[in-house]
Amino acid sequence: MTVNRVRFIDTLRGFSLFGILMANLLIFQFGIYGKDKLDHLSTIDNGALYFVKVFIEGSFMPIFTMLFGFSLIKLIQSIRNKKGKSRWSILRRATGLIALGLLHSIFLWEGDILLFYGFMTLFLVPFINRKPKTLFIWGSLLFLVATALTYASDDISTKEQKEMEIYVNKANTIYANGSYHDIYDFRLNVMPPGSDDPLLFYSLIIFGPLFSAPLFLLGMGLAKNHAFENMQNKRKWYVLGSLLVPIGITCKSISFIASNFSTMLLIGGSQLLAVGYIFLAALLFQTRPIQHLCPAFESVGKLSLTNYLLQTIICTTVFYGYGLGLFSKIGVFGGIIFGLVVYSLQCVLSIAYFKKFKRGPFEAALRIWTNWSWNGRINKKGSISHE
């Protein structure tokens with residue numbers, strides 16, 4: 001049986017990259033920790049910040065996470081259809097992502113996600129052969145446990161707040177005015193307050209995967225159920241799933257005023273909103289306006305790895321001191337406009353790229369490593385391919 005690419009998945013992946021760029025622009029402009037300590041904003045920037053925090057931040061990366069789980073299963077199905085065993089191919093793909101993530105985070109930007117995806121691939125190995133029902137149950141249980149663990153987790157002492165304020169001010173100065181070497185040195189050698197705590201380190205190792213696993217497992221289960229392949233026959237499920245959109249938005253909105261439940265509502269609401277967005281996108285996918293936009297989103301989605309890294313190169317060059325030095329200068333609303341321009345250019349360039357090439361440069365390199373063949377194809381001695 002041939003495993004074909006699912007057009008909706010590529011389209012959704014491209015659209016999710018738009019949301020990821022919008023959320024990451026807060027980090028590119030204000031820093032990973034500085035983005036949560038913005039004050040003295042104009043009315044329009046306050047409104048833009050609220051929009052990004054509620055409708056985008058924390059809810060588009062989980063979509064990409066679901067798509068990763070979905071594509072992982074499609075990849076394994078493709079390998080097994082052509083070769084039989086997929087163990088070494090999955091291991092190579094994981095190490096390839098880890099290597100790219102390390103290079104990305106060390107030399108370009110600390111907000112990298114590829115390193116985490118590489119390690120999560122290894123975490124997901126025990127779930128690869130599970131039935132869809134099992135994956136959905138595990139995903140639901142882990143979602144409940146992970147969300148419950150965030151209860152009252154946003155308590156922070158006055159001393160810790162002061163230390164973080166000092167760190168953020170120092171980071172802002174370095175990123176706004178520093179040379180490439182200054183920023184590189186700061187990124188590798190100056191740790192945020194509390195990050196050197198061994199307990200925190202081991203907690204992240206143990207509990208970190210729990211917070212992302214639900215969406216990975218959801219994607220894997222949906223792939224095994226052949227979701228999004230005969231979309232016209234599943235409309236009622238998309239309608240039901242879309243109801244999570246208002247629920248997620250409500251939870252995230254309330255999180256800004258609920259004390260002990262703040263983080264719980266934010267984390268839980270973000271993931272519920274992500275799932276709602278997925279089903280809403282499926283519901284709207286066949287409509288005429290969306291079909292007109294699909295080629296652009298689909299092209300960006302097929303080049304997702306290259307476009308993700310390209311976003312880092314563009315944004316660090318524009319905002320950091322060794323580039324145009326616009327760090328924290330164009331505002332939240334200005335960042336949204338900038339993001340729209342960058343993403344629109346990526347749409348145009350991605351469409352043009354596919355008129356001459358079949359795969360993106362980073363996609364091709366990862367495919368060669370995964371399949372252990374110079375042409376990127378699965379050969380008789382084993383490995384892996386697809387998505």
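Biologist: Which residues of α3 do Ile-9, Leu-12, Arg-13, Ser-16, Leu-17 and Ile-20 in α1 meet?

Modeller: In this predicted model, those α1 residues meet Met-61, Ile-63, Phe-64, Met-66, Leu-67, Phe-70 and Ser-71 in α3.

Biologist: How do the residues of that contact divide into nonpolar, polar and charged?

Modeller: Ten are nonpolar, two are polar and one is charged.

Biologist: And at what angle do the two helices pack, and how far apart are their axes?

Modeller: Helix α1, residues 7-30, packs against helix α3, residues 61-82, at about 150°, and the axes are 8 Å apart. Angles over 145 degrees count as roughly antiparallel, so α1 is roughly antiparallel to α3.

Biologist: Is the crossing left-handed or right-handed?

Modeller: Left-handed, where α1 passes α3.

Biologist: Where is His-226?

Modeller: His-226 is in the loop that runs between α9 (198-224) and α10 (235-242).

Biologist: Why does His-226 count as partly exposed?

Modeller: Because its relative accessibility is 36%, and partly exposed covers values between the 20% limit for buried and the 50% limit for exposed.

Biologist: OK, Ser-328 next. What's its phi, and where is it?

Modeller: Ser-328 isn't a glycine either, and its phi is positive, about 65°. You'll find Ser-328 in the loop between α14 (304-319) and α15 (331-353).

Biologist: What is the relative accessibility of Ser-328?

Modeller: It's 40%, so Ser-328 counts as partly exposed.

Conventions. Residues are numbered from 1 along each chain as its sequence is written. This is a predicted model: local features need pLDDT of at least 70, side-chain atom pairs count only at pLDDT 80 or more; totals for chains, interfaces and linings use all residues. Side-chain values use heavy atoms; hydrogens and water are left out. Helices (H or I, at least four residues) and strands (E, at least two) are DSSP runs, numbered from the N terminus. Buried means under 20% relative accessible area, exposed over 50%, partly exposed in between (1.4 Å probe, protein chains only). Axes are lines fitted to C-alpha atoms, for helices over the stretch in contact, and angles run from 0 to 180 degrees between N-to-C directions. Angles under 35 degrees count as roughly parallel, over 145 as roughly antiparallel, 65 to 115 as roughly perpendicular and the rest as oblique. A crossing is left-handed if the near helix is turned anticlockwise from the far one by less than a right angle, and right-handed if clockwise. Contact means heavy atoms within 4.5 Å. Ala, Val, Leu, Ile, Met, Phe, Trp, Tyr, Cys and Pro count as nonpolar, Asp, Glu, Lys and Arg as charged, and the others, Gly among them, as polar.
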